[in-house]
Amino acid sequence: MSSPEDRIIVLIDMDCFFCQVESRDQPHLKGHPLVVSQNNVVLAVSYEARALGVTRFIRSEEAKKKCPSINIVNSPISHGKSDNTKYRMAGQEVIQVLKQHCETMERASIDEAYLDITKLVESRLESSLNTLRDQKTSLANTFVVGYSGVSNDEAERSEGLQRWLKQVLDDIHDDQARRLATAAMIVEELRKEILEKCSFTCSAGISHNKALAKLACGLHKPNKQTILTTSEIPELFKSIPVNKVRNLGGKIGKQLMENFDCRVMADLMRFSQQELMKTFDEKTAKWLFNIARGIDHELVTPRLTCKSIAASKNFFGKAAITDLEGLKEWVGELAGDLVERLQQDLEDNQRRATTLTVSFQYLVEKKTVSQSKSCGMGTYKRERIAETAFDIISRNMQMPIVLISLGANKFVEVQKTGRFMEYFKRDGEKKSSETEEGERGRPRVEEMSGIALKEKKDVLESDGANLVKLKEIFPDLEDIDQSVLQLLPIELQNEATLYMKGKDKSEECKNTISGGNSSGMKTVRSEVSSGNRSLKIGCGECREMIPGDKYSEHCDFHIAQNLQESFNQSLEYSRTRIRDRRSPRRNKTRRIESYFGKLED
Ligand code: TTP
Ligand code: CA
Ligand code: CA
């Protein structure tokens with residue numbers, strides 16, 4: 001590919017998604033006017049209800065007034081707030097289908113994903129053009145921008161498509177259009193498969209970049225797909241309001257309208273990058289200059305998971321939070337919800353969030369004030385997250401509070417389950433040349449003590465410079481998850497690993513040496529079995545009676561298990577100890593944040 005604009009990018013967006021999920025669960029709702037409400041506000045509207053004038057973001061009663069026959073489904077509630085798990089899982093089903101065909105896919109929201117199908121198109125180009133030539137496929141749901149009107153009129157669609165296809169197949173030089181035609185065939189197949197496997201319809205936009213694919217997708221819905229070629233952009237942009245384009249829906253779009261009098265995208269073409277730089281920074285001005293010409297270089301970043309996970313709640317009218325007790329209660333609920341989802345995400349995606357973003361809104365003289373603060377996130381403990389959020393909000397707000405959102409982001413990969421055990425195993429293997437290896441490759445208790453001592457010594461003997469550097473970045477070094485440390489330069493990672501291992505194991509080591517029992521665990525009782533007269537020892541951990549000859553092996557197992565646990569718990573324990581000694585929390589937060597900021601640049 002010579003230029004990024006030679007890419008073939010597709011956006012798949014599910015039709016009235018929450019409604020489809022609900023009517024799949026309750027088939028009698030299918031084909032009828034339906035809305036899904038959360039806290040009495042309509043969030044999703046079926047196309048049957050749209051035809052009767054029902055729109056989103058109105059109150060359920062209003063929807064009922066507009067359409068007395070409407071079915072209203074309230075979305076599930078958990079932790080006192082709406083729970084989107086069911087919809088998220090349904091979105092994941094669709095992702096699983098797409099994943100079978102396209103590696104370069106980015107899940108963009110609960111019901112949409114971008115696909116870069118450039119390679120897929122290349123591999124199917126010749127055969128698909130033959131299929132199209134032989135009219136073996138009708139591309140039954142495909143619209144081409146510029147070759148039909150804005151309505152979903154079938155006769156117009158079909159006539160326009162055939163006209164376009166004829167040009168494409170006759171003109172062997174229009175490579176871009178031929179590849180878009182091939183893409184349309186592939187996307188018709190993908191959408192069919194989604195319908196067959198998940199029972200959901202979706203719409204799609206097919207073009208050369210994310211912004212154009214997104215724009216095209218919204219032009220014909222539901223259960224349709226739209227091709228947008230570069231040659232049609234100037235004409236299309238004469239009618240596309242600025243705020244309908246990806247990334248222009250918010251503040252930037254507003255500034256364009258207010259400062260530059262840009263109503264539609266074609267208006268933006270009038271401005272040079274220099275002129276745009278009077279209001280926007282260089283990067284934004286350049287992006288705006290390009291997007292006015294349909295150019296958007298943003299890549300589809302292979303990512304099947306969302307960038308952030310958040311638990312939020314609005315507190316409308318009388319529900320507004322007016323005291324610290326109420327704040328504490330809700331922050332606890334939201335933290336509980338967030339942690340549940342983070343744990344699930346950890347299990348599903350082997351990744352861990354490193355940043356907590358606390359956003360909130362409160363009213364001052366009837367005006368809404370919004371604030372947002374981020375800090376490092378070293379634990380998935382509900383109480384700790386709730387405490388941090390409470391600290392941040394209570395220090396910065398006024399009552400009444402009308403919105404709270406706890407978001408987790410900046411994910412890093414973590415070791416898959418079992419890696420921790422592996423880690424000890426590796427240590428055991430390392431030592432095996434020096435001492436006798438444990439029966440199952442795991443180090444025996446004595447070896448572990450040795451390792452702990454050796455590593456502790458290493459920490460003491462290291463020149464200390466890296467440790468100082470590390471503590472500068474992470475004053476709560478013991479609180480930091482291994483996966484967060486993986487973001488650091490290798491020498492700091494090594495130092496941190498040594499430090500943390502040394503800390504954890506030195507505790508174990510003390511037990512081992514002083515306990516008089518090679519396992520370092522308490523035994524509760526011992527007895528002599530009358531049958532075979534072999535000694536049985538009561539395990540202090542699981543209370544089982546273990547034959548003496550198996551006891552050491554049994555203890556190895558518990559030790560590894562306990563170390564894993566204490567590794568996690570030490571994050572919590574050491575936090576409490578360190579809190580008393582450390583520099584003010586805000587400084588720490590800022591340092592960690594700026595460090596991650598640097599890494600991201
Ligand atoms: P959308 O894709 O914006 O809308 P939709 O799928 O309902 O309808 P369309 O056919 O026009 O694409 O949103 C996807 C789902 O996300 C939607 O069904 C409900 C939910 N949603 C919210 O929870 N909050 C919101 O503010 C919006 C806009 C949507
Ligand atoms: Ca949708
Ligand atoms: Ca969507």
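Some bookkeeping. Residues count from 1 along each chain as its sequence is written, chains are lettered from A and ligands numbered from 1 in the order written. Because the model is predicted, local features need pLDDT of at least 70, side-chain atom pairs count only at pLDDT 80 or more, and totals for chains, interfaces and linings use all residues, while side-chain values use heavy atoms, without hydrogens or water.

Ligand 1 first. How many residues surround ligand 1? The count is 15, and the closest are Asp13, Cys16, Tyr47, Arg56 and Lys221. To be in the shell, a residue needs a heavy atom within 4 Å. By class, the shell has nine nonpolar residues, six charged and no polar. Here Ala, Val, Leu, Ile, Met, Phe, Trp, Tyr, Cys and Pro are nonpolar, Asp, Glu, Lys and Arg charged, the others, Gly among them, polar. Strand 1 (9-14), helix 1 (17-25), strand 3 (41-45) and helix 2 (47-51) each give at least two shell residues. Helices are DSSP runs of H or I, at least four residues; strands are E, at least two.

Now the close distances. An N or O atom in the Arg56 side chain is 2.6 Å from a ligand 1 oxygen. For Lys221, a polar side-chain atom sits 2.9 Å from an oxygen of ligand 1. The protein buries 74% of the 560 Å² that ligand 1 exposes alone. That area is Shrake-Rupley, 1.4 Å probe.

Next, calcium. Asp13 is in strand 1, Asp111 in the loop between strand 7 (105-109) and strand 8 (112-116), 98 residues apart. Asp13 is buried at 10% relative accessible area, and Asp111 at 14%. Buried means under 20%, exposed over 50%, partly exposed in between. Asp13 also coordinates the calcium ion that is ligand 3, 3.4 Å from ligand 2.

Last, rings. There are seven aromatic pairs. Ring centres must lie within 6.5 Å; planes under 30 degrees apart are stacked, over 60 edge-to-face, the rest tilted. Phe260 and Phe271 are edge-to-face, 5.0 Å centre to centre, 80° between planes. Elsewhere, ring pairs link Phe17, Phe18, Tyr87 and Phe200 into a cluster.

Terms used
Polar contact = N/O pair within 3.5 Å; in protein donor to acceptor, adjacent residues only side chain to side chain. Donors = N, O, S within 2.8 Å, 3.2 Å for Na, K, Ca; no water. Buried < 20%, exposed > 50% of the residue type's maximum accessible area, 1.4 Å probe, protein only. Phe/Tyr/Trp six-rings, centres within 6.5 Å; stacked < 30°, edge-to-face > 60°.
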